[in-house]
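Please look through the sequence and the structure first, and then read on.

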Amino acid sequence: MTTAPQRFEVLLVPEHIEGEDAGPAARHAVRSAVVGATGQTGASGYPRYEGEGMAADIDPATGAVEALLVDGAELDYGLRAVTSPVE
């Protein structure tokens with residue numbers, strides 16, 4: 001039995017940076033935050049994670065960010081979110 005990660009690191013990287021892994025993307029991140037599970041479900045239907053000015057609905061199975069607010073606003077054009085679970 002596996003459990004959903006309780007925390008993720010969310011990295012905001014320019015869209016032109018290739019690769020989906022958080023390791024290489026970390027070198028190019030313009031901002032990062034560690035977000036923790038709130039126990040709530042976001043509007044997207046995925047679990048809500050919050051912390052350090054970010055609120056994200058993240059699919060815990062894949063780490064895909066389904067919705068994201070940064071300081072209460074939508075993500076700027078030209079940026080994308082990459083995640084990795086935090087132990």
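What does the accessible surface of the protein come to, and what percentage of it belongs to carbon and sulfur atoms? The surface amounts to about 5300 Å², and 48% of this belongs to carbon and sulfur atoms, with areas taken from the Shrake-Rupley method with a 1.4 Å probe. The model is a predicted one, in which local features need pLDDT of at least 70 and side-chain atom pairs count only at pLDDT 80 or more, while totals for chains, interfaces and linings use all residues. Residues are numbered from 1 along each chain as its sequence is written, and side-chain values use heavy atoms, with hydrogens and water left out.

**Fold and dimensions**
- The protein contains one helix and seven strands, which follow one another from the N terminus as β-α-β-β-β-β-β-β; these elements are DSSP runs, helices (H or I) having at least four residues and strands (E) at least two.
- Along its principal axes, the C-alpha trace spans about 35 × 30 × 20 Å.

**Interior**
- Of the 87 residues, 32% count as buried, that is, under 20% relative accessible area with a 1.4 Å probe and protein chains only.

**Contacts**
- Beyond its neighbours within four places in sequence, Val-10 is in contact (heavy atoms within 4.5 Å) with residues including Ala-33, Met-54, Ile-58 and Val-82.

Methods. Buried < 20%, exposed > 50% of the residue type's maximum accessible area, 1.4 Å probe, protein only.
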